[in-house]
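Here is a short note to read alongside the structure.

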Amino acid sequence: NLIERHLIFTCDIIAYCMLKNHFHLVIRTKENQEEKRISKAFSNFFNAYSKAINKAYTRTGSLFQECFKRILISDESYLINLILYVHLNPEHHSMVGDFRDYEYSS
């Protein structure tokens with residue numbers, strides 16, 4: 001819901017995977033989007049996510065240890081490998097036996 005509320009206007013979601021302690025998003029920014037607007041959308045997303053987790057678990061303070069990473073993908077084979085990496089993550093972390101059974105992934 002938060003992705004739809006905060007990010008869908010500035011980027012297309014190509015792949016995602018939400019795990020217990022981190023998540024992965026592979027996105028493509030929409031054309032004619034200013035860097036400032038994209039950064040603001042992600043800032044709003046991360047703030048809303050942190051507030052929701054803090055409220056759900058009755059906690060306070062910072063949720064993220066590090067800033068998010070972004071990588072410009074200009075090679076199609078790298079994009080394919082990245083999407084595979086994102087989707088195989090639950091299996092790699094022994095959360096499921098088959099990544100296709102993981103509920104919180106595209």
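How many positive and negative side chains does the protein have, and how far apart do the centres of the two sets lie?

1. There are 13 positive side chains and 12 negative ones, and 12 Å separates the centres of the two sets. Please keep in mind that this is a predicted model.

2. On the overall layout, you will find three helices and two strands, in the order α-β-β-α-α from the N terminus.

3. Of the 106 residues, 25% are buried. The accessible surface is about 8300 Å², with 51% of that belonging to carbon and sulfur atoms. Among contacts with a separation of 6 or more, 48% join residues 24 or more positions apart.

4. An unreviewed UniProt entry places "domain: Transposase IS200-like" at residues 2–89. Over that stretch the chain is 47% helix and 17% strand, and its end C-alpha atoms lie 21 Å apart.

5. The largest nonpolar core has 10 residues, including Ile3, Cys11, Ile38, Phe42 and Phe46. Helix H1 (2–6) and helix H2 (35–56) each supply at least two residues of this core, and the largest share, six residues, comes from H2.

6. In soluble globular proteins, nonpolar side chains tend to be buried together.

Terms used. Residues are numbered from 1 along each chain as its sequence is written. This is a predicted model: local features need pLDDT of at least 70, side-chain atom pairs count only at pLDDT 80 or more; totals for chains, interfaces and linings use all residues. Side-chain values use heavy atoms; hydrogens and water are left out. Helices (H or I, at least four residues) and strands (E, at least two) are DSSP runs, numbered from the N terminus. Buried means under 20% relative accessible area, exposed over 50%, partly exposed in between (1.4 Å probe, protein chains only). Contact means heavy atoms within 4.5 Å. Accessible areas come from the Shrake-Rupley method with a 1.4 Å probe; for residues, only the protein chains shown count as cover. Lys and Arg count as positive and Asp and Glu as negative; His and the chain ends are not counted. The place of a charge is taken as NZ of Lys, CZ of Arg, CG of Asp or CD of Glu. UniProt positions are given in the numbering used here, feature names are shortened, and annotations may be inferred rather than shown by experiment. A nonpolar core is a set of buried Ala, Val, Leu, Ile, Met, Phe, Trp, Tyr and Cys residues joined through side-chain atoms within 4.5 Å.
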